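Please open the model in your viewer and keep the selection tool at hand. The stops below say what to select next and what is there.

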Amino acid sequence: MWPYWLMFLVPVWAVLQPRRLPARQAYWVWVAVGLLFAAMMGLRHEVGGDWFNYLPHFLDTQRQTLAEVLTRSDPGYYLLNWWVGRLGADIYLVNLLCAMVLMWGTVVFCRSQPHPWLALLAAVPYMLIVVGMGYTRQSVALGFALLGLTALGRGRPRSFIGWIAVAALFHKSAVLLMPIAALAATRNRILTAVLVTVATALTYYLLLADTAEALWVNYVEAQYQSQGGAIRVAMNAVPALLLIAFRRQLAPERQERRLWLWMAAFALACVPLVGLASTAVDRIALYLIPLQLFVFSRLPRLTGSARARTLLVLAIAAYYAAVLFVWLHFASHAQYWLPYRWMAP
């Protein structure tokens, strides 16, 4: 399991460096880390809970025409499979491209935070290792969602809507993030609300309408239980409470604060709902993981003491080290991640 700890120790090492690199050098370090992590996620072999589910999808897609591929659920993902197959490549290239999208969004989002390496540290144990290597379609959607959230935090709702629409092509559940643009708007609220409503309705009609009933039956009425779902919801609830308690220190800019307070509200709303339909809530909660990155990368703002900041950073690193240790050793599905294997020759 050392590759997983290697991924975790990279941001830990960067966080503990006493000096910041010049901007140009820092940029290339982030590029190198992004490519390294993407390679580790994308070129894995028989690693991840859905590996043997996605492989048949890839093989089935190669026997279909382009028109048939475009009518499938989550057409963006299946179009990517179809294109890779036409190139004569295999599922490793599909996984690599998906991992690159997730890392693109992760790097852009982390670098927009005051302590970017601390944000990456928080991303590694669950968002990158578990989601990135086990929920391929939703990991791509999450990568685009991170780009959208970064844009929305900077006051660009149209860019957010565009990124979420692209995300929904890979996993239709991303549509659920659309209303956040209207809720988070501080200027032109009516125009933003109209734009979001139209975009949501159009995306729903194109991607979700035909499968909405089946999704409801499978995820809610069937009452599937996601093992560990309550723990993952709780992991989002903790930073949500911290943000609400220290909102002005953690998010001094009004536009950004409004956005993340709504994300915090949704994270807390998942707590009572997880007992009703844990799998459905767990899948929705994946899009709220960025709340952890946002809050924990800003906690050092709460103190002016260098010693206290260092202790706070060490506490965050210890917390996520414990998360990774517990997941690798005690999670019921960790067996699908162990041992880590590189792509077959």
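Helices (H or I, at least four residues) and strands (E, at least two) are DSSP runs, numbered from the N terminus. This is a predicted model, in which local features need pLDDT of at least 70 and side-chain atom pairs count only at pLDDT 80 or more, while totals for chains, interfaces and linings use all residues. Residues are numbered from 1 along each chain as its sequence is written, and side-chain values use heavy atoms, with hydrogens and water left out.

Of its 345 residues, 50% count as buried, where buried means under 20% relative accessible area, exposed means over 50%, and partly exposed lies in between (1.4 Å probe, protein chains only). Among contacts (heavy atoms within 4.5 Å) between residues at least 6 apart in sequence, 75% join residues at least 24 apart.

Next, select helix H1 (residues 2-15) together with helix H2 (residues 23-42), whose axes come within 11 Å and cross at roughly 165 degrees. H1 is therefore roughly antiparallel to H2, since angles under 35 degrees count as roughly parallel, over 145 as roughly antiparallel, 65 to 115 as roughly perpendicular and the rest as oblique. The axes are lines fitted to C-alpha atoms, for helices over the stretch in contact, and the angles run from 0 to 180 degrees between N-to-C directions. To see the contact itself, show the side chains of Pro3, Met7, Val10 and Pro11 on H1 and of Val33, Phe37 and Met40 on H2. By class, this contact of H1 with H2 has seven nonpolar, no polar and no charged residues, with Ala, Val, Leu, Ile, Met, Phe, Trp, Tyr, Cys and Pro counted as nonpolar, Asp, Glu, Lys and Arg as charged, and the others, Gly among them, as polar.

Now turn to backbone geometry. Most residues other than glycine have a negative phi, and most peptide bonds are trans. Select glutamate 46, which has a positive phi of about 55 degrees although it is not a glycine; glutamate 46 sits in the loop between H2 and helix H3 (51-61) and is partly exposed, with a relative accessible area of 29%. Aspartate 74 also has a positive phi, of about 55 degrees, without being a glycine; aspartate 74 lies in the loop between helix H4 (66-70) and helix H5 (75-86), but is buried at 4% relative accessible area.

Then select serine 297, in the loop between helix H17 (290-296) and helix H18 (306-330). Is serine 297 buried or exposed? Serine 297 counts as buried because its relative accessibility is 0%. A polar atom of the serine 297 side chain lies 2.8 Å from the backbone oxygen of leucine 293, and this side chain also reaches the backbone oxygen of phenylalanine 294 at 3.1 Å. Not counting residues up to four places away in sequence, serine 297 touches Gln113, Pro114, His115, Leu118, Ala119 and Gln292.

Finish with leucine 261 in helix H15 (residues 254-273), which counts as partly exposed at 25% relative accessibility. Leaving aside neighbours within four places in sequence, leucine 261 is in contact with Leu243, Ile244 and Arg247.

Methods. A polar contact is a pair of N or O atoms within 3.5 Å; within protein, one must be able to donate a hydrogen and the other to accept it, and residues adjacent in sequence count only if both atoms are side-chain atoms.
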